[in-house]
Amino acid sequence: MDAIDVIRAKRDGQELAPAQIDWVIDAYTRDAVAEEQMAALAMAVLLNGMTRAEVARWTDAMIRSGERMDWSALDRPTTDKHSTGGVGDKITLPLAPLVAACGAAVPQLSGRGLGHTGGTLDKLESIPGWRASLSNAEMLDVLASAGAVICAAGGGLAPADRKLYALRDVTGTVESIPLIASSIMSKKIAEGTGALVLDVKVGSGAFMKTPERARELAETMVAIGKDAGLTTVALLTAMDRPLGAAVGNAIEVAESVEVLAGGGPADVVELTVALAREMLDAAGVAGKDPADALRDGSAMDAWRTMISAQGGDPDAPLPAAAETHVITAPAAGVLTRLDAFGVGVAAWRLGAGRARKEDPVSFGAGVTCHAKPGDAVAAGQPLLTLHADDPARFERALESLDGAWEIGGDGGPAPLPLIIDRIA
Ligand code: URA
């Protein structure tokens, strides 16, 4: 087979044959298809799309490019959640131990932040001693003892996607629904989970800016899951404003611990419980209500066991930034808008995120939001606290918050509902 024939076929709007897809993914993984040829094919896919059969085969070929994990040694069903990423999205932290406390096992392979959206591993690494890299045997041990594990994906998992994602990142081909859907689903299916719940974010702080695009992505991923025999459900959820009050690393861990202790911001609690119910349902586990597991301390127990099993000290003080800057309300009124993208970029510029994959993050940096859209505020009341190790970072962070919030005389435009839709 020849890469040029495959590129020409997709360029001309034809459906690729299964053998063509298998060949091109395998050859690309082995470096037998050149980067520029794969870039041309990715652009042809972005422009001409893929049929359901093509996406299913493409995903399957990427799964077969590496190992497939197996949790059949566990005595309970596995279930996982994937979020398409957002600002203040710390849900995985309370969710994984919560679901474990309710009787399912959660093998959660997570990523790091890039750009304005945070990464679960960066957040957890702010806990002294906590380790993101585990061998498969260590993952199984943590899963067996704590019921949940959150760690980095090893290099053997969907290596075709690893290469292709890096290429798409530099060739303007990230924003293709078939390529995003197959990229996410190949890793989740190779991870070996028995059920999957997708949290597809919608709004300025998300990949998908409109409910229509988010629905298309969710439907494509749910179809891939079904075609692979994996029970898959998606929720479309709001990312027009930050989730919860904390946006950063250590401050998001602290907020997650508040949720596990039975408190925390109402939106974080509502989404955590809704996703937990979906995960348990998809795994066929009944008998315990996640809201009870937050109240009775069992979710907190699972969190402490999971963090300790990965070398972390759940009682250690979390890192704090050296400097703070407070933005106050210039007048009394209602906070009518708090834009997720603006706050995410501010947190990133304060040091919570990275511009390049190899950059370090500041654990203490970030933004605390003291009011949510719809809240009444008094003149002089703190709206946002900026945290940074270096005060020189405040200026650029403040620039990104310029126009990102608004105080008006009434409620303003209605924010998106927290849970917009469910796709199964
Ligand atoms: N996340 C992924 O894993 N892949 C994509 O293509 C986009 C987001």
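Before placing anything, I note that helices (H or I, at least four residues) and strands (E, at least two) are DSSP runs, numbered from the N terminus. Residues are numbered from 1 along each chain as its sequence is written. The model is predicted, so local features need pLDDT of at least 70, side-chain atom pairs count only at pLDDT 80 or more, and totals for chains, interfaces and linings use all residues.

**Entry: a loop residue.** I found Ala73 in the loop between helix 4 (52-64) and strand 1 (80-83).

**Entry: two helices.** I checked helix 7 (residues 136-146) against helix 14 (residues 298-309): their axes come within 9 Å and cross at roughly 155°. (Axes are lines fitted to C-alpha atoms, for helices over the stretch in contact, and angles run from 0 to 180 degrees between N-to-C directions.) So helix 7 is roughly antiparallel to helix 14, a label for angles over 145 degrees. On the helix 7 side, Val142, Ser145 and Ala146 make the contact; helix 14 brings Ala302, Thr305, Met306 and Ala309. Contact here is C-beta atoms, placed from the backbone, within 7 Å.

**Entry: Met221.** Leaving out residues up to four places away in sequence, I see Met221 touching Ala181, Ile184, Met185, Leu198, Thr232 and Ala234.

Definitions and conventions:
Two residues are in contact if their C-beta atoms, placed from the backbone, lie within 7 Å. Angles under 35 degrees count as roughly parallel, over 145 as roughly antiparallel, 65 to 115 as roughly perpendicular and the rest as oblique.
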